[in-house]
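Dear colleague,

I am passing on to you the structure that we spoke of handing over, together with some notes on what was found in it. Please read the notes with the structure open beside them.

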Amino acid sequence: DTAVIASQVSPASNIGFELWSNDVWYAYTSTSSWNSNKNMLIIPKYCFAVSAAGISSNNGISNSIDVYPNPSNGKVKISTTFVTPENLSISVTNALGKVVYAANSSAMVDVLDLDLTNQANGIYFVNISNGTDKMVARIVLNK
């Protein structure tokens with residue numbers, strides 16, 4: 001089990017805690033261990049399943065990504081919890097299919113910010129792909 005708690009308040013604390021096999025939580029610096037330096041981030045999940053043979057298998061990027069808040073005032077966050085850095089392609093489309101935002105990002109345990117405050121209220125679709133897997137999250141802008 002892993003819980004990551006980080007802060008980007010100046011000065012940043014960037015501390016995470018990890019539960020080891022001896023049932024003790026150990027602190028580590030998230031910038032050196034997990035490449036994350038965000039504000040008030042708690043990530044209580046790690047999205048890998050263990051098969052009967054004891055081999056981990058990825059359950060897809062949708063299990064490692066959260067898009068929130070929903071509904072949103074236009075400030076949307078994408079929380080990622082990957083074991084290794086993933087090159088992500090992110091696009092946001094409106095209900096008519098027009099791309100209103102597009103970016104590429106390399107993410108591991110991170111929180112990415114999307115600024116959609118210049119978009120009208122309505123339904124939008126956040127499309128995220130790593131080249132082999134894709135997920136779509138529906139968000140509502142209500143400013």
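K75 and D115 form a salt bridge, with their closest N and O atoms 3.6 Å apart; the term is used here for a side-chain nitrogen of Lys or Arg within 4 Å of a carboxyl oxygen of Asp or Glu. This pair links distant parts of the chain, since K75 lies in strand β8 (residues 75-94) and D115 in strand β9 (residues 99-115), 40 residues apart. Helices (H or I, at least four residues) and strands (E, at least two) are DSSP runs, numbered from the N terminus.

Please keep in mind that this is a predicted model, in which local features need pLDDT of at least 70 and side-chain atom pairs count only at pLDDT 80 or more, while totals for chains, interfaces and linings use all residues. Residues are numbered from 1 along each chain as its sequence is written, and side-chain values use heavy atoms, with hydrogens and water left out.

The structure holds two salt bridges, and the other one joins the side chains of D113 and K77, at 2.6 Å from N to O. Here too the pair links distant parts of the chain, with D113 in strand β9 and K77 in strand β8, 36 residues apart. In general, side chains of opposite charge can pair when their charged atoms come close.

As for accessibility, K75 counts as partly exposed at 46% relative accessibility, D115 is partly exposed with a relative accessible area of 41%, and K77 is partly exposed at 32%. The classes are buried for under 20% relative accessible area, exposed for over 50%, and partly exposed in between (1.4 Å probe, protein chains only).

Leaving aside residues up to four places away in sequence, T93 touches K98, V99, V100, Y124, F125 and N127, where a contact means heavy atoms within 4.5 Å.

**The chain as a whole**

The chain has one helix and eleven strands, and from the N terminus on its elements run β-β-β-α-β-β-β-β-β-β-β-β. Of its 143 residues, 36% count as buried. Among the contacts in the chain with a separation of 6 or more, 49% are between residues 24 or more positions apart. The accessible surface of the chain, computed by the Shrake-Rupley method with a 1.4 Å probe, comes to about 8,100 Å², of which 53% belongs to carbon and sulfur atoms.
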